[in-house]
Amino acid sequence: MKVEIFDYGSDAKKYYVLYKVTGLDPEEEERLQGNVEGDVELKNGEMYITTKYEEKYYPFGSEAAQCRMEDFIAREEIEMTVYLTSILEDE
């Protein structure tokens, strides 16, 4: 499984992070689709997960994030990988 941040930002005062997940088999996709928090969409064998945040919890909103964006993106990708792996292992 590979997790990448595909997009992030805000629209209408809602902040979001869109993750692209690849390398899943159909059984894993099905298990995640039913258990992941956020909006899940499957396109061409790739899973897209949109997580929405209030402004105060948005991971890329701080001044530190703006200075070291690559570090913050990498951390979010690792955290999502751990979260998805834990869901797959719990099933």
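Begin by selecting strand 2, residues 14-22, which is mostly covered: eight of its nine residues are buried. The model on display is a predicted one.

Strand 1 and strand 2 run antiparallel to each other and are paired over nine bridges. To follow this pairing at residue level, select Lys2, whose bridge partner in strand 2 is Thr22. Then move to the turn of the hairpin that strand 1 and strand 2 form, where two residues lie between the strands. Ala12, in this turn, has a positive phi of about 55°.

Select Tyr16 here; its bridge partner in strand 4 is Lys52.

Is Thr51 buried or exposed? Its relative accessibility is 16%, so Thr51 counts as buried, the cut-off being under 20%. Now show the residues around Thr51: leaving aside those up to four places away in sequence, Thr51 touches Tyr15, Tyr16, Val17, Tyr19, Glu37 and Met80.

Finish at Asn44, in the loop between strand 3 (39-43) and strand 4. Asn44 counts as exposed because its relative accessibility is 82%, where the cut-off is over 50%. Inspect the backbone at this position as well: Asn44 is not a glycine, yet has a positive phi of about 50°. Most residues other than glycine have a negative phi.

Notes:
Residues are numbered from 1 along each chain as its sequence is written. This is a predicted model: local features need pLDDT of at least 70, side-chain atom pairs count only at pLDDT 80 or more; totals for chains, interfaces and linings use all residues. Side-chain values use heavy atoms; hydrogens and water are left out. Buried means under 20% relative accessible area, exposed over 50%, partly exposed in between (1.4 Å probe, protein chains only). Contact means heavy atoms within 4.5 Å. Helices (H or I, at least four residues) and strands (E, at least two) are DSSP runs, numbered from the N terminus. Two strands pair if DSSP finds at least two bridges between them.
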